[in-house]
Every structure is written in structure tokens, then in C-alpha cells.
Amino acid sequence: MSQSTDAIEGVNLVYHRFSAFHRFNHYLVMVSFFGLTLTGIPLKFKTSYWSQLMMDAIGGVAAAGFIHRVMAVANILYFVLEVGYMALYVVTRKGPVFHDDSIVPGKKDWADMKGMFRWFLGKGSKPRLSRFTYWEKFDFWALFAGTFLIGGSGLMMWFPEATTRILPGVALNVALVIHSNEAFLAVGVIFIFVHFFSAHGRPESFPADQVIFSGYLPVEHYIHDRPDEYANRLKAGTLEEVVRPRPDAGRRRFFSVVTTLVTIFAFFAASYTLLLVLWPLAF
Amino acid sequence: MVRRAPTTAGELGKKFTFSKRWALCVALVAMIPALFWTPSASAADGVAPPDPADFSARCLTCHSQEYLGSVESSQGPRDLHIDPAVYEASAHGLLPCNSCHIGFSHDPHVMVSNAEFFAETAGEACRNCHDDQFEMYKQSYHGELTRDGGAEGVKAPLCVDCHGAHDIAEVDTLEYRQSIADVCGKCHGGREDSFLDTYHGKSLSLGREASATCVDCHGDHSILPVSNPQSMLSQVNILPTCQQCHPSATQKFTTFLVHVDPTSTDAPLLVFLVAIGYLALIVCVFAFGGIHTMLYIYRGLRDGLYSRKGGH
């Protein structure tokens, strides 16, 4: 035990947090979400000066509509892959499906949230966070449920004639309300209020956390940021499953460049969305 | 001495001295400008009627002055000032003023002081060139209003109320199609807002010319109330109307509601509940996320966590 602990604290090891599948899915969601936002949000804020500029830059509403549909297919693919992964996980897992390191919300998340607010206000120490924090679980499940709602309503409006063979016409009214509001909610949550900050902007990760792009992070960072998972793995002796040798310098530089580029683009996307939303309010 | 007339070209040539030939060349060269001469100058003899451009120029001597103000008419105040640049850029820009102002008399103030002028002559003026459209309009509900005087407080729309007058637009342009909802909204207030919130309205606003607007579903010159069986949107006609753009549409497709404000209690209950539910959800999530973020940043700055190298 002591030997493995020494090894982990050595500088030449990294903690492997996300598999290639999860990273691929994040890339898929990221690209399609940006694409859908850039081509869709101008429709919602149609009176904004920036919406017209954006539509002209894309090449018109018809071109934007085509890109929106291509990106929608990619976004739906993420959802299908994720559902498949969950089904496979539940079927093949030997231990309990719900456990401390699970993405499923539990009692500890409620306690952690209260603990974080106490820490924010200087009334306690920071809670010992698990593999997935409560805000990460919110991010994951909000996106998962949101994709179902926005994808479903989007498909209804993509094929309105087929939809109204089964459902009454008012279903299209409901679909429009869902699609438009869910898009605004999702963009607000991801760009402004939750995801960009909690994943990349919080002090532990600032200015950008590369773990979702590379899959790994320095072991000392892991021990500091996820003490509960670390303790669980130490106790269960499963630390070797997630600790690997540090990748070579070329690979590290590659992921550093990817993270930087994505961060710059994310700042652009967030500012652009804010402009679209705030412009009509200001003028 | 009797001169004999020259009988051959050679003899004729001898008759011309060098100086005569030179004079002929000069005369021919001098006539070259005549090739570019146009007969316009000959009309300016003060007797012939003024040509169209000249006629308009006379009107605009006064009416291009911005200080002219407006005059009351049965259709509300009318601006007497005409911007020549706007008029010339309009679809009628080549027509002289009196092709539409058929009631023009020697004293222009007789014409403009007649409050009935617009109702009586405005349509007739358009009819001179647009007879088919005018007949359809006469049969429409809008046309009916001009004859009946309309219901109380309802003013019958004339050609110019929808098409504009001195700024009249080409109807097949994107700009005109984009302006239709606002034009209809002048009388049918609120309907244009709900239309602009549909995909048809949003995409048209941002430049998709093919998107349906008011007249594509309700009809244009021959427009009738939806309650009239002849209306494009009556129970009999609504499906073919939708099928103009959605060939595979079925009867259920036609029950989509274009003019709905989801957050109004007039909306179908399900639409209303979903809209209000989302509003509440968005406010709660953004507020909670915003507060959480602010507090996290506060703690991070307070404890100097942002200045640590690598953040850990």
C-alpha cells in the first residue's frame, strides 16, 4: 500500500479521468452545440442587429438551416451513444450500479452543496468532493434531458407533415415553445451560468481544465480536487486502475494547444450569445 | 455665250475648282453634330403639353420643400412633402405625378382640400393600370368596407394603405415581403407579433424570402374573413392553402395555430403551461447558477486561489 502511495505522488504519473469514449462524446456535443447555437440563436433573437450579421456571414437562413440540421444529427448521435453506454454499463457492471463514484445524484450531493455554500461564506472548510460533484451531475443530466427535449421538438418541426399525421397541430405549437425555451436555457446554463464556469472558470481549474480533452490531469491536482474518490480508491485498492505514466511532451503540448483553442472559441461563443441577447434590450 | 450642261463625270469634276471641293468637305464635317441631334428641343415651343418629366418637375418645385407640412384627409394626415429621391427609386418612379393624381386641376388646392379625394379617386387611379387586381380588391372584404363605410370605427383600406404611395415598392422583393406583417399590423394589431414568433416569421425577418407571410395564407387582393367559406383559410380551403408549400400536409396539419402568444391565457392550456413552466425554470436555474458562480468567485479571490500556479 505504502509503495503505491509513493508512486502516485511521484511527478511522472497522471490520473486518468475520462476514457476515449467520453472524450469523443464531449467533442461531439461541443462541436454540435456550438454549431446549433450559432445557427439557431439568431432566429430567437431575430430583432438583434447581430442576428442579421450572423445570418449573412453564414450565407443566409437556408444555409444556416442546413448546418443546423447536420449539427442536430451529430447531437442526436451523442444522445444515442450515451444511452447505449448507460445500458451497457448497467448490464455489464459486476458491483452495485449506484455507488459513491456514480454520476447518479445521491445524499452526499445535497450535503456537499450545503457544505460548499458554507465554505463560500467562510463558515466551514471545503467539502471533500467525489468523482462527480453535484454541479457536474447537474450539467450532465441537464444536458441529457435537454437534448431529449430539444432534439424531440426539433425533429417534430423538421418533419411537421409527418408529426401531424399522428399528433394534432397544436403539438407543433408546443414543440416551438419547448425548442425555443430549452435552447435559451441550455445556452445560458452552458455558456454563462453553470458549465463554462464550473468546469473551467472555478479557481481549481482556471483558466481551462484540459481533462475532458486529454482525459488526464496531474495526480496532485486529482488528490486535491477529488479527495473523496481518492480516499475510496485508496481504501479499495483500485488506484492502479486510474493512475498511468505521464504522456510524452509532444502529446502534452498537443492537448495544451487544443485546450487553448477551444477556450478562445468558447469565450467568443459566450460573448456572441450575450451580444445577441442584450442588444435588443439595450437598443 | 451659251453654257452647255456637263454630260460626263469628268466634265462635272472640272466644274469644281479646288476651293469648291474644300468648301464641300467643310460643310459635311460641319453636319456631323447633326447625327447626334435630338428633336427634344423642338417641343419646347410653349404650345405643346409638358412632357412627363417636366410635369413632375413643376409639381416638385413646391412639393419637394420639407416645410410644406401635412393636410387632413379621410385617411388621416397626409404629408405634402415628397422626397424626389424616394419617389424616383419607387416602382412608379418613371411615371409623372398626374398619372396617379388624376383629380389634378389647375388649382392644386381644390384637389387636396377635398377630404373625399382619397376614397373616391385613389382606387380609380390604380385601376387605370391594375384593373385585374382592382376587381379582385372590389370583391374582397377590404373592398366591401369601402362601399359599406365599414363597421363602426373601421376604416376601409385603399390600395395605397397596403402598397404605399410615393414609396410604392416592387412586390416581388424581399424588403416588401418583410414589410407585409407590419403593414397588416397597422389595422390587425398584435397579429403580426404572433406571426413573427413562428418559424415563418423568424426566417422571413432574417432574409428567407420563400417563407410564408400574411398574404400567402390569407390571400392578398381578394382577401376574405376566415369565417367566409370562400376564404383561403376556411375549413374547405385551408388544406390546399397549406399544401402550396407543404404538399404532404394532412387535415391535422392545418390545426397548427399561427397566432398564439404562449404566455397569454388565451393560448391552449398545454402551450401556456409549458411556456410558463419554462419561464419559471429558466429564472430559477439562472438565478441559482448565477449566485453559485458569484460566491465561488468571491471565495476564490478572497483566498487567493486564482493566483496559485496551475490552480492547485
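Predicted model: local features only at pLDDT ≥ 70, side-chain atom pairs only at ≥ 80, totals over all residues.
1. Residues are numbered from 1 along each chain as its sequence is written, while chains are lettered from A and ligands numbered from 1 in the order in which they are written.

2. Helix α8 (residues 170-193) and helix α14 (residues 249-282) of chain A pack at about 125°, their axes 10 Å apart. Axes are lines fitted to C-alpha atoms over the stretch in contact, with angles from 0 to 180 degrees between N-to-C directions; helices are DSSP runs of H or I, at least four residues.

3. On the α8(A) side, A:V187, A:F191 and A:I192 make this contact, meeting A:A269, A:A270 and A:T273 of α14(A) (contact: C-beta atoms, placed from the backbone, within 7 Å).

4. Turning to α2(A), its axis comes within 11 Å of that of α8(A), and the two cross at roughly 125°. That makes α2(A) oblique to α8(A). Among the residues in contact are A:F33 and A:I41 of α2(A) and A:F184 and A:V187 of α8(A).

5. Do look at the dimension between chains, too: 41 residues of chain A are in contact with 41 residues of chain B. Here α8(A) gives the most to the side of chain A that touches chain B, with 12 residues.

How values were computed: Contact = placed C-beta atoms within 7 Å. Parallel < 35°, antiparallel > 145°, perpendicular 65-115°, else oblique.
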